[in-house]
Amino acid sequence: MTATVIDGKAFAAKVRAQVAEHVTKLKETHGITPGLAVVLVGEDPASQVYVRSKGKMTVEVGMNSYEHKLDADTSEADLLAVVDKLNNDPAVHGILVQLPLPKHLDSDLVINSIDPAKDVDGFHISNVGLLGTGQKSMVPCTPLGSLMMLRDHHGSLSGMDAVVLGRSNIVGKPMAQLLLNDSCTVTIAHSRTKNLADVVRRADIVVAAVGRPQMVPGDWIKPGATVIDVGINRIDAPEKGEGKTRLVGDVDYDPCSKVAGAITPVPGGVGPMTIACLLANTVTACCRANGLSEPE
Ligand code: NDP
């Protein structure tokens, strides 16, 4: 059996086109342009790449993009002042503080200082609580993108056994919550989980978010299961030439794709969906702020 490849790149392009359509409507009918502000502290190279690509795609769908690049030694008070200014700026509907922050800054404090209505990453404690109680919230982009692909592939997820590998606040926990809200039977596995292989083998849906290159081997996958690979890991690729690297997921793609029913590739799976969902969340925040109906 060869798994169906879930094409996150194509799906994300579709989501972005829908976002662009909604943005045009907001402009033409209400004279409102949604705005997304991204705050980057320091010069982490991966974060710089993410921020650049978020800014580019924000502009491509017709929204306003505001980038705030702060020095690595920015004080907490100065960063909080920037967030406060954005909270009070009516042209800004979404605020994203790029993580990780430099060590001297308290990420929880900074994230919880964002107006929850503008918290398009969905990391504010209020949004976490709302999601946990099944109420309307801002949903974290990576889990949301993963859920959209699962729903698109399966229709209903009700009653399916789902195993989420990883329990981080930004991926594992919200992913598990979303699957639970969709009536899956959910197991969250982590570094202390015993008999991990047996746990994963039970799953109809496996979401891997561990940050360990190609950790999940083919013989952990139940035949026909759907595998969502959230991992983004850069590894050496001597086959491409000296000093070259390539991106791989947390799943060993080739063997897993021979057993799974469906699988997301890396790159081209969850990654593009994450940014598309960020843009969609910004439009949602803009509609809510203006008392307008939200995109579905
Ligand atoms: P974290 O490092 O915050 O969390 C990793 C989780 O994996 C932890 O809960 C950890 O367990 C668990 N884990 C680590 N090693 C093992 C192991 N050997 N067996 C079982 N569980 C293990 O990572 P993130 O959640 O932030 O990210 C996970 C991956 O997703 C990374 O590759 C990251 O790059 C990628 N990512 C991709 C995004 C995208 O847009 N596609 C967005 C965000 C992240 P414990 O809690 O016990 O330590």
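Around the ligand there are 26 residues, of which the closest are Gly166, Ser168, Ser191, Gly211 and Thr274; a residue is near a molecule here if its C-beta atom, placed from the backbone, lies within 6 Å of it. The structure is a predicted model, in which local features need pLDDT of at least 70 and side-chain atom pairs count only at pLDDT 80 or more, while totals for chains, interfaces and linings use all residues. Residues are numbered from 1 along each chain as its sequence is written.

**The ligand shell**

By class, the shell around the ligand holds ten nonpolar, twelve polar and four charged residues; Ala, Val, Leu, Ile, Met, Phe, Trp, Tyr, Cys and Pro count as nonpolar, Asp, Glu, Lys and Arg as charged, and the others, Gly among them, as polar. Helix 10, residues 270-289, contributes the most to this shell, with three residues. Helices (H or I, at least four residues) and strands (E, at least two) are DSSP runs, numbered from the N terminus.

An unreviewed UniProt entry places the feature "binding site" at Gly166, Arg167, Ser168 and Ile232. UniProt positions are given in the numbering used here, feature names are shortened, and annotations may be inferred rather than shown by experiment.

Glycine 166 sits in the loop between strand 5 (161-165) and helix 7 (172-181), and it counts as buried because it has 23 C-beta neighbours inside 10 Å. The cut-offs are that a residue is buried if 20 or more other C-beta atoms lie within 10 Å of its own, exposed if 12 or fewer, and partly exposed in between, with C-beta atoms placed from the backbone. Serine 168 lies in the loop between strand 5 and helix 7, but with 15 C-beta neighbours inside 10 Å serine 168 counts as partly exposed.

When residues up to four places away in sequence are left out, glycine 166 touches Val171, Gly172, His190, Ala209 and Val210, and serine 168, with the exclusion of residues up to four places away, touches Lys173 and Ala209. Two residues are in contact if their C-beta atoms, placed from the backbone, lie within 7 Å.

**The chain and its parts**

The chain contains ten helices and eleven strands. A compact globule of 296 residues would have a radius of gyration near 19 Å, and the chain agrees with this, because its own value is 19 Å; the radius is taken over C-alpha atoms, and the globule rule is 2.2 Å times the number of residues to the power 0.38. Along the principal axes, the C-alpha atoms fill a box of roughly 50 × 45 × 35 Å. Buried residues make up 43% of the 296 residues, and among contacts with a separation of 6 or more, 67% are between residues 24 or more positions apart.

The chain is divided into domain 1 (31-120) and domain 2 (141-272), with bounds that come from an automatic or database domain assignment. Taken over C-alpha atoms, the centres of domain 1 and domain 2 are separated by 28 Å.

| Span | Helix | Strand | Distance between end C-alpha atoms |
|---|---|---|---|
| Residues 6-121 | 48% helix | 16% strand | 24 Å |
| Residues 140-288 | 38% helix | 19% strand | 17 Å |

**Backbone features**

Most residues other than glycine have a negative phi, and most peptide bonds are trans. A cis peptide bond, with omega about 0°, joins leucine 99 and proline 100, and proline 100 lies in the loop between strand 4 (94-97) and helix 4 (107-111). Valine 266 and proline 267 are likewise joined by a cis peptide bond with omega about 0°, and proline 267 is found in the loop between strand 11 (262-263) and helix 10.

Asparagine 195, although not a glycine, has a positive phi of about 50°; it lies in the loop between strand 6 (185-189) and helix 8 (196-201) and is exposed, with 9 other C-beta atoms within 10 Å. Glutamine 214, again not a glycine, has a positive phi of about 50° and is placed in the loop between strand 7 (205-208) and strand 8 (226-229), yet glutamine 214 is buried, with 20 other C-beta atoms within 10 Å.
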